[in-house]
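Open the model in your viewer and keep the selection tool at hand. The stops below are meant to be taken in order.

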Amino acid sequence: MSAVVLDRIEVRYGNELALAPYSEHIESGEWVGLIGPNGAGKSSLLKAIAGLVRATGSVIVGEVVLDGRDPRSRARQVAYVAQEPLIPDDMNVFDYVLLGRTPHIGYFGSESAHDRDVVRDVIDRLRLGGFADRMLGSMSGGERQRAVLARALAQEAPVLVLDEPTSALDIGHQQQALELVTELREHQAITVISAMHDLTLAGTYADRLVLLDQGDVVASGSAVEVLTAERLGEVFHVCVTVDVDPSDGAVIVVPRRGFPV
Amino acid sequence: MTAVEPKPIAPGRIDAPVMSASAPPGVRRRRERTWLLAGLAFLVGAVIVGASIGPAGPPGWRVPLALLDHLPLISIDSGVSAADWNIVWKIRMPRVVLGGLVGAMLSVAGASYQGVFRNPLVDPYLLGAAAGAGLGATLILTTGRDVTAGWPVDPVQLVAFGFALGTVAITYSVGASFGAKRNGATLVLAGVAVVSFATALQTFLLQRNLDVVREVFQWILGRLSGATWSDVVTVAPYVSVSVVVLMLHRRHLDVFRVGDDEAATLGLSVQRTRLVIVAAATLGTAAVVSVSGLIGFVGLVVPHVVRLMAGASYRLLIPLSLLFGGGFLILADVAGRQLMSPAETPIGVVTAVIGAPFFIYLLRTRRVI
């Protein structure tokens with residue numbers, strides 16, 4: 001059985017179609033990378049899965065149909081990391097990660113010893129142990145990104161939705177963050193759905209790529225299948241060459257000077 | 001063309017120290033307890049000072065003994081006569097308790113508003129509680145007090161309370177109609193518009209009734225003088241309900257700090273929770289404003305001072321705002337009574353004169369907000 005079923009998800013902002021009806025079956029532990037130019041519908045799809053925008057169609061996680069569910073029960077199924085998360089500078093890492101336990105705490109309740117244990121465990125796993133008392137404002141971009149991931153993991157949701165998770169990071173921290181997600185999904189069978197701008201990184205880390213353009217799916221499949229110079233030229237209006245590393249089959253997209261034909 | 005050899009992707013190791021998560025809950029709880037005890041001591045100290053100082057009555061040092069003497073199971077010879085005790089109990093104490101309630105309420109409401117709108121410049125009067133109360137009071141004062149003199153309930157308080165709640169309800173409806181579902185900023189802007197409208201109406205009424213300008217201004221400036229136990233009984237239920245609801249939402253206020261969208265993905269019903277918090281804060285604010293007038297500055301600055309001292313987590317911020325806000329207003333009232341005795345300095349002036357320099361000092365020394 002698929003871990004996540006997206007059944008004819010459609011997003012409109014007023015009369016404007018942001019995402020044409022889109023269906024997808026995603027296996028448990030799979031990483032699906034959404035790529036496409038700005039305005040292609042990547043973020044709209046992710047927000048629809050997270051319940052942040054009104055959408056038609058159904059999102060089913062395991063056996064749980066998320067449509068019409070209250071935010072609390074939805075948050076137990078889907079953890080969401082925003083493109084530019086609002087990080088309170090004067091909150092310490094422990095308290096920030098503890099926010100991830102919100103869907104597991106009753107409305108008037110307070111966190112249990114188990115919630116605190118989960119938070120400590122996640123903080124340790126993301127190698128933030130030395131930072132638990134540190135204010136988020138005093139941390140580097142990479143450390144903050146790990147804190148955001150830790151908060152999402154503390155939700156213990158089977159699906160992790162990442163909207164441009166590395167857009168604010170340098171190449172080193174980008175790689176570290178993506179390796180971390182890979183480790184986590186391998187160990188915990190978390191299903192990852194992410195939007196990514198860097199096509200090479202997307203091809204390297206995601207099991208499957210979905211190329212969107214103007215709300216429609218243009219291509220779907222492995223990096224080799226999706227990332228072709230012609231298709232990228234058409235969709236992104238860019239001049240690129242696409243190389244495949246013969247040693248490991250990694251697809252490398254290199255921008256070239258000039259206008260696309 | 002020079003080709004750069006791509007480096008192999010490094011295995012997933014992150015060069016951060018691997019340590020066990022610190023922030024042991026014991027240390028954290030001890031720290032919280034220390035702050036709560038400090039706040040309680042500040043409030044109790046303020047009550048004792050407020051009850052002990054006044055132009056007539058017993059010597060100040062005897063008052064704490066008399067207060068102890070009147071506690072159950074405690075008997076002390078305080079040397080305070082029955083007449084002096086009457087001054088303490090019937091004149092000073094209602095004023096002290098009302099001051100405590102008003103200060104606590106405004107501070108807790110201010111902190112809650114700041115949290116729910118993620119805006120440090122917000123005070124409890126943001127959505128029109130004060131402007132509405134002011135308009136209501138002005139309406140009654142300008143219609144002629146002789147008409148309402150025989151009424152069993154003071155209509156100024158009643159109408160001010162009703163107008164305060166009504167104005168905030170209008171602001172909320174206007175904001176929601178502009179799509180404030182997930183965006184507190186729209187609500188704040190709606191507040192600006194509605195407050196301007198109410199203030200304009202109030203100014204118009206005043207301009208047409210210049211004979212009551214002084215009376216209206218006295219009301220607007222806020223006061224605790226002439227407070228009675230009846231005033232305390234009037235506001236206490238509203239303040240209690242409001243404070244209990246806001247205390248129960250401390251954790252939610254912390255969730256609001258990551259923004260509405262992320263709060264929603266963490267499982268918070270953003271719109272509903274915001275409405276509950278705003279409604280509770282408004283109920284208490286409207287009650288205290290209708291009895292004590294518009295005492296400014298407390299609701300804005302006390303939460304910030306507490307934040308700078310004890311941190312920004314609402315778990316601690318709300319109860320500490322309650323304790324320090326209550327104590328602060330009691331002491332400000334004492335200062336207002338003493339500064340130009342026997343004349344009284346308006347308490348709103350005192351709160352600003354004491355609070356502003358202290359706030360600036362904290363900002364300079366801590367350099368964070």
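How many bridges join strand β3 of chain A to β8(A), and do the two run parallel or antiparallel? Select residues 31-35 of chain A for β3(A) and then β8(A): 4 bridges link the pair, and the strands run parallel. Keep in mind throughout that this is a predicted model.

Stop 1: Pick L34(A); its bridge partner in β8(A) is A195(A). Then pick G33(A), which has S194(A) as its partner in β8(A).

**Stop 2: the other neighbour of β8(A).** Select residues 159-163 of chain A, strand β7(A), which is joined to β8(A) by 5 bridges, again in a parallel arrangement. Here V161(A) has I193(A) as its bridge partner.

**Stop 3: β8(A) itself.** Show residues 191-195 of chain A with side chains; 5 of the 5 residues in this strand are buried. In a regular strand, side chains alternate between the two faces of the sheet. In β8(A), T191(A), I193(A) and A195(A) lie on one side, with V192(A) and S194(A) on the other, and both faces are covered.

**Stop 4: V161(A) and the core.** Return to V161(A) and display its surroundings: leaving out residues up to four places away in sequence, it touches L46(A), I49(A), A50(A), V78(A), A79(A), Y80(A) and I193(A). The largest nonpolar core has 184 residues, and V161(A) and V97(A) touch the most other members. The largest share of this core, 15 residues, comes from helix α3 of chain B, residues 82-117.

**Stop 5: a helix pair in chain B.** Select α3(B) together with helix α14(B), residues 314-339: they pack at an angle of about 140 degrees, with axes 7 Å apart. Their crossing is right-handed. On the α3(B) side, the residues in contact include R95(B), G99(B), G103(B), L106(B) and A111(B), and they meet a set in α14(B) that includes Y314(B), L317(B), G325(B), F328(B) and D333(B). The contact residues comprise 14 nonpolar, 8 polar and 2 charged.

Methods: Residues are numbered from 1 along each chain as its sequence is written. Chains are lettered from A and ligands numbered from 1 in the order in which they are written. This is a predicted model: local features need pLDDT of at least 70, side-chain atom pairs count only at pLDDT 80 or more; totals for chains, interfaces and linings use all residues. A nonpolar core is a set of buried Ala, Val, Leu, Ile, Met, Phe, Trp, Tyr and Cys residues joined through C-beta atoms within 7 Å. A residue is buried if 20 or more other C-beta atoms lie within 10 Å of its own, exposed if 12 or fewer, and partly exposed in between; C-beta atoms are placed from the backbone. Two residues are in contact if their C-beta atoms, placed from the backbone, lie within 7 Å. Axes are lines fitted to C-alpha atoms, for helices over the stretch in contact, and angles run from 0 to 180 degrees between N-to-C directions. A crossing is left-handed if the near helix is turned anticlockwise from the far one by less than a right angle, and right-handed if clockwise. Ala, Val, Leu, Ile, Met, Phe, Trp, Tyr, Cys and Pro count as nonpolar, Asp, Glu, Lys and Arg as charged, and the others, Gly among them, as polar. Two strands pair if DSSP finds at least two bridges between them.
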